[in-house]
Amino acid sequence: MRFLPTDEQADFARTLRSLLGSAQVPAAVRAWADGEHGPGLALRSRLAGTGLFALAAPESYEGAGLLPLELALGFVELGRAGVPGPVVESAAASVLLSELGDEALAKRFLPGLVAGGAWATLTLPGGSPYALDTDAAEYCFTVSAAAELRLAAPASGAALRSTDPARRLSRPAAAGGELLAAGPAVARAAGAAGRWARLLTAAQCLGTGEALLERTVGYVKQRTQFGAPIGSFQAVKHRLADTLLALEFARPLVWAAALSLAPGDLAAAKLRCGEAAYRAALTALQLHGAVGYTEELDLSLWLRKARPLRDAWGTPSECRAEVLRSVTPG
């Protein structure tokens, strides 16, 4: 098993980090939360130029092949930068269409998703009934418990806001929409899409936790009490060290999950990354003090992401149950 990215994979991650570092992502996140999608869509186009979205589609449909490890590396960077939009759902929808084996549907939808010309959002059996960012997505796919894949009708009513204002949730219409496919093939493809969604959300959690820790370390080096930086206090050092350890122990679980795509490995990665990101958020909030609560501080954009991402595509209790099933004989 490889425990470190290859040089090519590391270069890809650095390219994404450089692009996102110059893209004014916090401004795009605030605009997205207010319902203004223009900056977020422009960011999507720039990301598509790196080939990121092509990593979730086969070469026969203008993709680069189904490459979960490379895509997970990219999604760590998306989490680190706080990129808005249904990025996980779009990638999972690409996987669903790729695995379905319906050439007509793949030709209809995949080129736009790969090229970054369209967002997709997705709901699957056993997951959340709410679809993310249906007001910004060109396609809203739903898979029912009866293994019916539909292009859902537009959601009715106002979008619901989650803890993260940039995550706008809607419940797709229970009936209606275009029936695209049905049967065992849909069920199998939905299972694959759900596994990828869990992997990529775990990667986002890891990146979110890293961003929170980085900003907190920078703050405690500058903030002084009793004539000394608070980062020099032993209690603060211990809290930051515990946060760093949680993130570093979660990282190899993401790589293992990306290499195997086994349900137990995916659940373990999602559980550890989600909890590490949430711990990083609690640490950041405590060490920043009252200033951490202010919306004007960019830190708040990551603070509000940690818990929704921890619970998306597999809550901690669901992931623990899946890990237990994977290690229980019979």
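Me: Does Arg-80 count as buried or exposed?
Reply: The model is predicted, so local features need pLDDT of at least 70 and side-chain atom pairs count only at pLDDT 80 or more, while totals for chains, interfaces and linings use all residues. Residues are numbered from 1 along each chain as its sequence is written, and side-chain values use heavy atoms, with hydrogens and water left out. Buried means under 20% relative accessible area, exposed over 50% and partly exposed in between, with a 1.4 Å probe and protein chains only. Because its relative accessibility is 16%, Arg-80 counts as buried.

Me: Which side chain is joined to that of Arg-80 by a polar contact?
Reply: Arg-80 lies in helix α4 (residues 68-81), where helices (H or I, at least four residues) and strands (E, at least two) are DSSP runs numbered from the N terminus. A polar contact is a pair of N or O atoms within 3.5 Å; within protein, one must be able to donate a hydrogen and the other to accept it, and residues adjacent in sequence count only if both atoms are side-chain atoms. At 3.2 Å, the partner of the Arg-80 side chain is that of Glu-214.

**The open sheet**

Me: What is the order of the strands in the open sheet of four strands?
Reply: Two strands pair if DSSP finds at least two bridges between them. The edge strands, each pairing on one side only, are β3 (120-123) and β9 (178-182). With mixed pairing, the order is β3-β5-β6-β9.

Me: Which residue of β9 stands opposite Leu-149?
Reply: Strand β6 (residues 148-151) pairs with β9 in the antiparallel sense, over four bridges. The residue of β9 that stands opposite Leu-149 is Ala-181.

Me: Which residue in β5 is the bridge partner of Thr-123?
Reply: The strands β3 and β5 run parallel and are joined by four bridges. Thr-121 and Thr-123 point one way from β3, Ala-120 and Leu-122 the other way, and all are buried. In β5, the bridge partner of Thr-123 is Thr-142.

**Helix α6**

Me: Where does α6 bend by about 35 degrees?
Reply: Helix α6 (residues 103-115) has 13 residues and reaches 18 Å from its first C-alpha to its last, close to the 18 Å expected at 1.5 Å a residue, where the expected span is 1.5 Å times one less than the number of residues. The bend at a residue is the angle between axes fitted to the seven residues ending there and the seven starting there. A proline, Pro-111, follows within four residues of the bend, which lies at Phe-109.

**Two loops**

Me: What separates the C-alpha atoms of Ala-166 and Ala-33?
Reply: Ala-166 is placed in the loop between β7 (160-161) and β8 (168-170), and at 4% relative accessibility Ala-166 counts as buried. Contact means heavy atoms within 4.5 Å, and, leaving aside neighbours within four places in sequence, the contacts of Ala-166 include Trp-32 and Ala-33. Although Ala-166 and Ala-33 are 133 residues apart along the chain, their C-alpha atoms are separated by 4.1 Å.

Me: Is Phe-226 buried or exposed?
Reply: Phe-226 has its place in the loop between β10 (224-225) and β11 (228-229). Although Phe-226 is not a glycine, its phi is positive, at about 55 degrees. Because its relative accessible area is 81%, Phe-226 is exposed.
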